[in-house]
Amino acid sequence: MLTDRVPDTIPPRSAVDAPTPATTTFVRRGPANWRHAYARRLWLSDFLVLVWVVYGTQVMLLGLGSVQVAMRQDHRFDEFTYWTFSGILVLLWMSVLAFADTRSDRVIGTGTTEYIRIANASFRLFGVLAIVAFLVRIDIARGFLLVSLPVGILALVVERWLWRKWLNAQRAHGAYSARVLLVGSEATVGQIARELTRVPQAGYHVVGACVPSGRIAGTIEGTSIPIMGNVNAIERAMDATGADTVTITSTDDLPPDKVKQISWGLRPGRQHLVLAPSIIDIAGPRIHTRPVAGLPLIHVETPRFSPGQRFVKRIFDLVVSTLLIVILSPVFLVVAILVKTTSRGPLLFSHERIGRGGRPFRMLKFRSMRQGAEQELRALLEEQGTSEKPLFKVKNDPRVTPIGRLLRKYSLDELPQLFNVLGGSMSLVGPRPQIAAEVALYNDTARRRLYTRPGITGLWQVSGRSTLDWEDAVKLDLYYVENWSLAGDAMILAKTAGAVLAPGDSAH
């Protein structure tokens, strides 16, 4: 590598053009080898959870005695007790979790991959156990397996979720994260840096950048990320910043074979190389890497809802909304009494919204405003200067009744929309429906929100509720529309339940 040119060098901090104070922010790093440290913590807690679940199930169903595993009079194997079998099961369960790579730093902290791997590995283990028990004629108590499997999966997921909350708190301060050096053009470096900074729980903490221009002591526009030299100063830039990951944001301005040279210069197992394509907001299941003629081509599937996906989503909506209506019927009754006895007007508020494909429908809500509130909206929006944005919000809305503020804070006014879901005009999860005046302000990008049924809750509601601006809300909605999955819907509903029970200051 060419390292003797002046633009490549990184001057000492005493130099005139040393990095400014803005680029030397101190963060809490955590252990140097945080990946192994965190994996060890997961291993220990997984083990304790499985011991508790497996032996707890055994004691609950079979008692404390030395119950023997039935062998169907087959003497090829010595008889053994369930205490021994439970120990073997724990060890096998721990092994399949390791083989499935459930503790990898590539899946922890964000997304559903970690949980999906846990569930898949567990189901496969119990499937293999059932087959082996049948082939060698061992009768394992069915209740033991039927209870320990779902309880074990649930306990592991809850345990990992608690660890994730702790990890995200650490990552908010830059600890337990990959220290990233970005390499590419200033424009792409800035774009990737902003995306990674926006989601610290992903575990990528940007500490510097190398750009073709090689400007030293400057920063990437719009950020405080220091420029550490040009693309020939990567090794010394990593040493200076303590980076353990090089992320290539673009290759247009790099010399031929430069990426290969960079990979050769990294220390195996301790330093990592990541390629960041210019496409963003694309979920993993739509991306496939296929090597062709030595080229790692990335295939991105076009977003679409197949008939099967629409059927599954509709069945999910029908089943869950019906259960929620039955379970929450006492809440419906209490809210109805509060609304009718505290202010004049109808119990329900029916409002026209725009649904899938631009078709209008009537959305139901418990009334939370005084009568005639709809006619006051335009004047209030114009007064606060937000009538030109497609996300009409009135701050400190004077039209809301005292009981209406309580209903809105805990989203109880939205409960009647479960009947919209039953009727098919809405879904449990999807982009929030808007009025015709807001839809009229859509650009071509925002109009893609209408590709699917609107939802009672959605990705942007659980990401910021009332604090997000229109551009961020559209971005999250489009991510949902283009990357839908049933697991994603379940995750959003779980987060919605948490946001409703503990709404915080972002609920209005």
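**Aromatic pairs, cores and a parallel sheet**

Let's begin with the rings: Y38, W163, W166 and Y176 are linked into a cluster by ring pairs. Rings of Phe, Tyr and Trp (its six-membered ring) pair if their centres lie within 6.5 Å, and planes under 30 degrees apart count as stacked, over 60 as edge-to-face and the rest as tilted. This is a predicted model, where local features need pLDDT of at least 70 and side-chain atom pairs count only at pLDDT 80 or more, while totals for chains, interfaces and linings use all residues. Residues are numbered from 1 along each chain as its sequence is written, and side-chain values use heavy atoms, with hydrogens and water left out.

Searching the whole structure gives 10 aromatic pairs. In one of them, the ring centres of W93 and F126 are 5.1 Å apart with planes at 70°, so this pair is edge-to-face. W93 sits in helix 2 (residues 82-99) and F126 in helix 3 (residues 113-135), so the pair ties together parts 33 residues apart in sequence. Helices (H or I, at least four residues) and strands (E, at least two) are DSSP runs, numbered from the N terminus. W93 is buried at a relative accessible area of 0%, and F126 is buried at 6%. Buried means under 20% relative accessible area, exposed over 50% and partly exposed in between (1.4 Å probe, protein chains only).

W93 also leads us to the largest nonpolar core, which has 28 residues; L89, W93 and I140 touch the most other members. Such a core is a set of buried Ala, Val, Leu, Ile, Met, Phe, Trp, Tyr and Cys residues joined through side-chain atoms within 4.5 Å. Helix 1 (34-62), helix 2, helix 3 and helix 4 (142-171) each supply at least two residues of this core, and helix 2 gives the most, with 8 residues.

What about helix 3 itself? Its buried residues include Y115, I118, L125 and L129. Among the elements covering the buried residues of helix 3 are helix 1, helix 2, helix 4 and helix 16 (486-501). Just after helix 3, R137 adopts a positive phi of about 60°.

Now turn to the strands. Strand 1 (residues 178-183) and strand 5 run parallel, joined by 4 bridges; two strands pair if DSSP finds at least two bridges between them. Strand 5 also pairs with strand 6 (residues 272-275) in the parallel sense, over 4 bridges. Strand 5 (residues 245-248) is covered on both faces, with T245 and T247 buried on one side and V246 and I248 buried on the other.

Key
Contact means heavy atoms within 4.5 Å.
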